[in-house]
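Subject: Structure handover

Hello,

Here is the structure for you to look at. My notes on it follow below.

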Amino acid sequence: MDHQHRHSSSPRELQMARSMCWHCQSEVSGEYFCDRCVKVQPVSKELDYFTCMGFPRRLTIDPRQLESKFYELSRAFHPDFFQNKSAEEQTISLGNSAMLNTAYRTLRDPIQRAEYLLDLEAGAVKDIRTSPPADLFEEILELQDTLDEYRAADRASDTAATLCAKLQMERTTLERRQQDMENALQQLFTQWDILQDRGEATDQTRAERDRILKHMRDILSNRTYVKNIVNDLVATIS
Amino acid sequence: MARIVGIDLGTTNSLVAYMDKGTPRVIAGRNERNMVPSVVAMTDNGLIVGDPAKEHLTRNPARTVYSVKRFMGKSLADVQSELAYFPYTFTEQGGVIRFKLGEKTYSPPQISAMILKELKLRAETHLGESITKAVITVPAYFNDSQRQATKDAGMIAGLEVLRIINEPTAASLAYGLQEKTQGTIAVYDLGGGTFDISILKLKNGIFEVLATNGDTHLGGDDIDRLIADLFIDEIRERHGLDLHTYPDYMQAVRLEAERTKIRLSDVLKTTATLDLPDGKGRFTRELTRDQLESLTMGLIERTLAPCRKALKDAELTPEHIDEVVLVGGSTRMPLVRQRVQELFGKTPHCELNPDEVVALGAAVQADILSGGTTDMLLLDVTPLSLGIETMGGVMSSVIRRNTTIPAGAKEMFTTYVDGQTGVDIHILQGERELAKDNRSLARFRLKVPPLPAGVPRIEVTFLIDANGILNVLAKDMRTGQSQSIEVKPSYGLSDSEVEQMIEDSFKFAADDVSARKLIEARLDAGALITTTEKSLLEGGHLIASDNIAATRTALAALSAAKDGTDPRVIRARMADLEQAAKPLTVALLNDSLMKGLQGKKVSEVT
C-alpha cells in the first residue's frame, strides 16, 4: 500500500491524446476541461483505464482512493450536469461517463485489473497457452466423473453418501488450492509493482517482467478452471 | 431554463411534483387530492382521466382502462395469462398491444399519455406556466422496451422527457435530501403492479446503485386479484352466480377486494360487501388479517428472492445494510413490513409517504438536471444484461446487469461469405443462456461493402445512456465511416407511429378540452348542489319562505343544466344559484357566529 500513495499524488500523468480544444482550438492544458473556454474535453478512446483514472500501472490500488477518484470524475462528466449545454458537450459527457464507468469497474476488481494489465502489457507473453496443465486437467476430468455419478445416484443410498463425502473432501482440497493461488497472485502483484517502481530498463528487469507476467497469466487461467469446477461442485452437493 | 417537473407514472396512481425553493412538493388537484388514479375512460362525452374516470370502472368497464402500466412495452403473448382479468378487447399490431375502446384502438403509450397530460395540466394550473419538460420514473427492473414506451408516452403528451429514472432510486433521493444519510441502504418498492429492490451506497452526495432486481409483474394488483378470486368462488358457491359474465361486477368485486385489503392494514378484521346482479341480494364476507396473510403469503415471499439476488450481486449480506426504506402503497401491509424486517434484520423506514416519495425524488432529479441542485448525483445501473445472439442461438453478453450507466461496449463484426453485403444483428436483454429465453429488443442489419469473407471490419458500439435506454452506432473500421442504423424494435412503436400519435393527440386536444370543461363544470355543479341542499336543511328556518322558494327553483334549474352538455350553461346556472342562496348563506354565517360567541368571556372573543 505504501508505494501506492507516492504514485497517486501525480495526477498530471493523465494525458489527453489531443492537444487542441475541440471548441476554441486553443492549446489544451486543463485536465478534463479547456482552460480557456471551460468546455468539457473528450477522453481519448486510446487512453488506458489506469491513465484515465489517474493511477499508475500498478496492481495494488487503494479501493478508497480509486472510489474517490471515480466520484470526482463522475461529478465532472455525468450527463446530469450537461443538460443545459450544447449537443456536442452532451455527447462528450456521455462518452466520457461510459468510459469512466468501464475503467472503474475494471480497476476495482483485483482480478479484472490484473487481466486488463496483461492485455495492455501483452507483447512477449501474448502466445502463452491458456489450456490447463495436464495434472489439473486430469483432476478436473476425474472430478467431473464423480459429480456425474453422484447426480445419477439415488440420494438416500450408501453410494451417494460415500460419493458426497468424497466430493466434500475434494471441495476442501480445491478451496485450499484456490487460496494458494490467491496468495501467489498477491505476491506477483507486489513483485510487479516493485519492479515498476524501480523503473529500470535493463535486460535483466525485462526478463523479470516477462517472468512475472507469464506466471500471472498461468495462475489466472488455472484459477478460472478451478473456480468453475468449485461452483459446479457446490451447486451439486448443496 | 424552463421548469422541469417530476412525474411518478404509477400502475394505480400517478403524481406530479416540483421543487419549491429547495423542497420537493407534490401538486394537488382541484379536488385537493395529490394522486391521480391511473384510469382513463372513453365516454360518449369524450375522454376523462383520474378520479371521475374511476367511477366508470363499474359503469362502463369495456371502455375504461386501468393498470395500463402492466402493458407498456409488451406484446399480447407476454400478458396472455392475465388478459381474462381485464374487461376490454385487446388486439396487437407490430408487436404492440392495442386496446379497442369503442370504434378506436389505442396503444399503451397513448393511454399513458392521457394520464401524463392530466398531470401536465395540473402542474400548469398550479404553477401558472406552460410545462414542457419532465423527469418520469419507471420501475428499476423495466427493460429497454418498457422504458422506450414510457418515453414515447411523454412525447405523445407533449412532454420532452429529459430523464427516465428508476423509482427506488428516486425514493432514495427524496430520503437522502431529507436526512443526509450516509451508508448502504436497501430500497424495497412494492407498488400497484411492480416490485423493485435496489441496494445503494450513499456517500458525500453520491447515490451509487450497487445492484437492483425485481419483478415487473408483481404488486398490489396481484394481491387484489387473489382476494377477488376468493370472493368470486364463494359467490359462485353461495349464490350460484358466475361474476365473470358480468364485467361491471368484476370491477366492483376488484375494487371491494382492494378496499378490504387496505382496511386490513389497520384493523384485524373487516367485512367486505358487494351487491349482486339480477336481484340475487348482497354478498357479505368477513375477512381477518390472518386469512389475508395466509392467502397472500406466497406472493409476498416472491419478493424475497430478488432481494437476496440483489444482495448477492452487490456482494453484501443483510448485516451490511445500514437502512431499509419502504416505498409503494403495498408496503403498508403489516406482513410485508414483517418479512422485510426479518430479511434485513432491521426496522424499515417509512417516514415519507410511500405513495409520494417517488414523485418527490423525481422532482429532486428534475432540479439536478436544471442545475438547481449540484451536490447530489445519482449513479444508477442497468437492471438486465444486454447481449447479442450468436451462432447456435446463444446469447453473448455485451453489457452485464448491474453495470453503472452510462455504459458502453464495442463489438467487432465481419463476414463469413465472400461478397456478403450485410450482417444481421439481434439484440437481447436478460440473464438466460439461450437467445430464445431472453427478451428480444431489436434487430438491425449492418451494411457491409462486398469484400472477401473476413476482410470487412465493422465496429458496433452499444451505449446504454443515463435513462437506461440503448443506442447503437456502427463504424466501418477500414474507411472510418459511421453508418446510421435503422433499429427495428421488437416490441415498440416505430418513430413514424409515435409521430402520428403526437399529431393525433394535437388534433384531438381541442375535443379533449371541451370534454374536460364539461366534466369539471358537472363536478363543480354537483358539489354546489350538495352543499346548498345541506344548508337548506340546516338553515331553512332562518330565512323568509320566498327566499327558500327562489333557492329551490335555482337548484332545480342547475340540476337540469347539469344533465345537459354545455358547460357555459352549467356555469351560468351555478352563478344563479349562488345568488339566490345568498340570504341563506349569510343567515347561516351569522347564526354560527352568534352560537360561537355565546357563553364566552369578552377576553376569549377578542
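The largest cavity lies between domain 1 (4–218 + 302–379) and domain 2 (220–301) of chain B, because both give residues to its lining. The domain bounds come from an automatic or database domain assignment. This is a predicted model, in which local features need pLDDT of at least 70, side-chain atom pairs count only at pLDDT 80 or more, and totals for chains, interfaces and linings use all residues. Residues are numbered from 1 along each chain as its sequence is written, chains are lettered from A and ligands numbered from 1 in the order in which they are written, and side-chain values use heavy atoms, with hydrogens and water left out.

A cavity is a set of points on a 1 Å grid over the protein atoms alone where a 1.4 Å probe fits but cannot get out, and its lining residues have an atom within 4 Å of a point. Grid points are joined across faces, edges and corners, and the volume is the space filled by probe spheres set on the points. The structure has ten cavities of 30 Å³ or more, and the volume of the largest is about 170 Å³.

The lining of the largest cavity has 13 residues, and Y66(B), Y85(B), R225(B), A228(B) and R254(B) are those nearest its centre. Seven of the lining residues are nonpolar, one is polar and five are charged (Ala, Val, Leu, Ile, Met, Phe, Trp, Tyr, Cys and Pro count as nonpolar, Asp, Glu, Lys and Arg as charged, and the others, Gly among them, as polar). Helices α6 (220–239) and α7 (247–263) of chain B each supply at least two lining residues; α6(B) gives the largest share, six. Helices (H or I, at least four residues) and strands (E, at least two) are DSSP runs numbered from the N terminus.

K261(B) is in α7 and D224(B) in α6 of chain B, so the pair ties together parts that are 37 residues apart in sequence. Over all chains, the count is 57 salt bridges.

Two backbone points remain. The peptide bond from I405(B) to P406(B) is cis, with omega near 0°, and P406(B) sits in the loop between β23 (403–404) and β24 of chain B. K21(B), a residue other than glycine, has a positive phi, near 45°; K21(B) is in the loop between β2 (13–20) and β3 (23–26) of chain B.

Regards

Methods: On a 1 Å grid over the protein atoms alone, a cavity is a set of points where a 1.4 Å probe fits but cannot get out, and a pocket is an open set with protein on both sides within 12 Å along at least five of seven lines; lining residues have an atom within 4 Å of a point. A salt bridge is a side-chain nitrogen of Lys or Arg within 4 Å of a carboxyl oxygen of Asp or Glu.
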